[in-house]
Amino acid sequence: MPESAAIRVESLNVVRSETAVLRDVSFVVPAGQLLGLLGPSGSGKTTLMRALLGLQIVASGDTEILGDRAGAVALRNRVGYVSQSPAVYGDLTVMENLRYFASILDVARDDVDRVLADVDLERYARSLVSRLSGGERARVSLAIALLGAPELLILDEPTVGLDPVLRRDLWTLFARQASAGTTLLVSSHVMDEAARCERLLLLREGQILADLTPAELLERTRTSSYDAAFVALIEGST
Ligand SMILES: Nc1ncnc2c1ncn2[C@@H]1O[C@H](COP(=O)(O)OP(=O)(O)O)[C@@H](O)[C@H]1O
Ligand SMILES: [Mg+2]
């Protein structure tokens, strides 16, 4: 294992309602990587993220985050998470939401200004969240996850439902965070988003189908689209 690994998962198995939902999942993520977790709906993306956060009962396997056991109290301020349906308060302004979460997380107040700038939302600081577009709201959730400058960000389908331009803008923000040294694990069921990632974990029916770079994926499958590549991988594996 590289010393600077942000995530280390070894032979992880999760069973939900007597069904194997994650099967023998193993991977290591070095610090500072922008890793895409791609797979169709129901493939186990959210379950895997929950396991990394220590929120998921696991049947077996080891999960180590930033050198600590998944879910360890010491990780609370070192890992940022945005769930698939993030909780932001529509009846509060952007600034009020951030201040509220900063106080819960016990983060210094001036960190609010930093994260607001990080997601380019300064001009919406006084806007009610309920008045924002989907893309702006996604950035508010991201800003909350950035409070306290976590070393690892786990983002569950942050671009779902957004138009292509807003998706691109969000991925640009993710890449910016990664180049500043943050490790990001970002899930999506939209295969095209593979292009935005440094590395891909392709998940299908709870198993890792491939662990490679976007270029390697296209090369290995001799395809030019990520959708076609995913299909080719599945057909090649059966
Ligand atoms: N609370 C639950 N109890 C039992 N099975 C669940 C539960 N939540 C999800 N599952 C099952 O686990 C599998 C993976 O789900 P999930 O991790 O949510 O996938 P994804 O995030 O990729 O859509 C699916 O087959 C789903 O039906
Ligand atoms: Mg999910």
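Guide: Welcome! In this predicted model, local features need pLDDT of at least 70 and side-chain atom pairs count only at pLDDT 80 or more, while totals for chains, interfaces and linings use all residues. Residues are numbered from 1 along each chain as its sequence is written, with chains lettered from A and ligands numbered from 1 in the order in which they are written.

Visitor: Why are α2 and α4 called roughly parallel?

Guide: The axes of helix α2 (residues 94–105) and helix α4 (residues 134–146) come within 10 Å and cross at roughly 25°. Axes are lines fitted to C-alpha atoms, for helices over the stretch in contact, and angles run from 0 to 180 degrees between N-to-C directions. Angles under 35 degrees count as roughly parallel, over 145 as roughly antiparallel, 65 to 115 as roughly perpendicular and the rest as oblique. So α2 and α4 are roughly parallel to each other.

Visitor: What makes β1 and β2 a pair of strands?

Guide: Two strands pair if DSSP finds at least two bridges between them. Strand β1 (residues 5–16) and strand β2 (residues 19–30) run antiparallel and are joined by eight bridges. Together they form a hairpin with two residues between them, and Arg16 stands opposite Thr19 in β2.

Visitor: Which helix gives the most to the shell around ligand 1?

Guide: Helix α1 (residues 45–52), with three residues; helices here are DSSP runs (H or I, at least four residues), as are strands (E, at least two), numbered from the N terminus. Among the residues surrounding ligand 1 are Arg16, Ser17 and Lys45.

Methods: Near = placed C-beta within 6 Å.
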